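User: Hey, I'm new to this one. Can you walk me through it?
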Amino acid sequence: MFLSIFDLYKIGIGPSSSHTMGPMTAAARFLDEIADGEWPRPAGANVARLKSSLHGSLAFTGVGHATDRAVILGLAGHLPSTIDPALIEPTLAEITNSKTVNPEGHPTYKFDPKTDLVFDRENPLPAHANGMTFSALAADGRTLLKRVYYSIGGGFVVTEEELQRIETAPAPPHDPGAPYPFKNSKEMLEMARKSGKSIAQMKQANELTRVDSQKLNDGLDDIWNAMEECIERGIHAEGILPGGLKVKRRAAKLAEQLGERRRSNRYNPLEANDWLNVYAMAVNEENAVGSRIVTAPTNG
C-alpha cells in the first residue's frame, strides 16, 4: 500500500485541515445531499434555511482555527481546493449583511451566521472529537434533512457509518499494483539502493499505476502553482494577523529588504537561505489568516 501524492498534499485553506478544509468540505457535501441525495422530501416543502452546529474540538477551538469561516464559505458553495482567496472576505461580509447564502445551482437559503452557526461546547458527538451537524429547514421551521459529519484529519470528512467502517476494516495489504510499496523510510531507502532509482523516480512509478502521466503532471502543477501563489500573496501582504496578540505580518518587509540588497549587487552567499526563510514566513502568515495553502497533510 502507498499514499498518493494527491493523498498527502492537498490544496485548501488554513490554519488546519481538520478545522477548515474538513468543515468546508462537509458543508459542500451537505449541499450536494440537498440537491441530489435520496432523502424523503415532503410534498410541497422546500429547503429555505440552513443551520450548522460544531461540537467537541471544533466547538472549543473553532474560532481560533477559523472553522466558522470555513463552514460559512462551504455553505456558500466554495471548495477548499478552488476558492479564490480574494473572494473570502467579501463573501463573508456579504453573507453577514444579507443573512443568506447563494451556492451555485441552489436557490437562495436563509443563513445568519450569528444564530444559525452554533458552537455547542456542551454536547460532543460520540464518534469523534471533530464533529459537526448540518440541517436544512423548511420555511415553517420543520427540519427536512439533517446530517452528521466528522473531520478526521487531512481534509477528509466521513459520516458516522463511514467512520465505523474505517475503524473496523482490516489493515489493507500492500497495493500489488505499486512497484515500490513501503511501510517506512528504511524500506524506501533499501528499495532505492537495490533499484538504482531516486526516491522521486520510485514515487513517480507508483503514481503512474493510479493515473496517467498527463493527470499526474497536471496535478503536480496545480500543487506547485498553489504554493507559488501563496508565497506571492504572503510577501506582498501587510497588516495585523488575526487574534488578540496583534502580531504584525513580517514577510513583506523582509522581502522588500532582500530585494533592495539584490538590486544593490551586494553579494551574500547565504541569501538563498534568507529567501527560503521569507517564503516560509509568507506561507505561515497566509495560513494564519485562513488563506489558500497547500497541506501535507496538515498545516496545523
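This is a predicted model: local features need pLDDT of at least 70, side-chain atom pairs count only at pLDDT 80 or more; totals for chains, interfaces and linings use all residues.

User: What's the mean pLDDT of the chain?

Analyst: The mean is 88, with 94% of residues at 70 or more; pLDDT is the predictor's confidence in each residue, from 0 to 100.

User: Now helices: at what angle do helix 10 and helix 12 cross?

Analyst: Roughly 90 degrees, and the axes of helix 10 (residues 213-234) and helix 12 (residues 271-288) come within 8 Å. That makes the two helices roughly perpendicular (65 to 115 degrees).

User: Which residues in helix 10 meet helix 12?

Analyst: Cys 230, Ile 231, Arg 233 and Gly 234 do, and they meet Tyr 279, Ala 282, Val 283, Glu 285 and Glu 286 in helix 12 (contact means heavy atoms within 4.5 Å). The residues of this contact split into five nonpolar, one polar and three charged.

User: Switching topic, how many cavities of 30 Å³ or more are there?

Analyst: A search of the whole structure finds one; a cavity is a set of points on a 1 Å grid where a 1.4 Å probe fits but cannot get out. The largest cavity has a volume of about 40 Å³.

User: What lines the largest cavity?

Analyst: Ile 13, Gly 14, Ala 66, Arg 69, Leu 73, Ile 88 and Gly 290, where lining residues have an atom within 4 Å of a point. That lining divides into four nonpolar, two polar and one charged.

Terms used:
Residues are numbered from 1 along each chain as its sequence is written. Side-chain values use heavy atoms; hydrogens and water are left out. Axes are lines fitted to C-alpha atoms, for helices over the stretch in contact, and angles run from 0 to 180 degrees between N-to-C directions. Helices (H or I, at least four residues) and strands (E, at least two) are DSSP runs, numbered from the N terminus. Angles under 35 degrees count as roughly parallel, over 145 as roughly antiparallel, 65 to 115 as roughly perpendicular and the rest as oblique. Ala, Val, Leu, Ile, Met, Phe, Trp, Tyr, Cys and Pro count as nonpolar, Asp, Glu, Lys and Arg as charged, and the others, Gly among them, as polar. On a 1 Å grid over the protein atoms alone, a cavity is a set of points where a 1.4 Å probe fits but cannot get out, and a pocket is an open set with protein on both sides within 12 Å along at least five of seven lines; lining residues have an atom within 4 Å of a point. Grid points are joined across faces, edges and corners, and a volume is the space filled by probe spheres set on the points.
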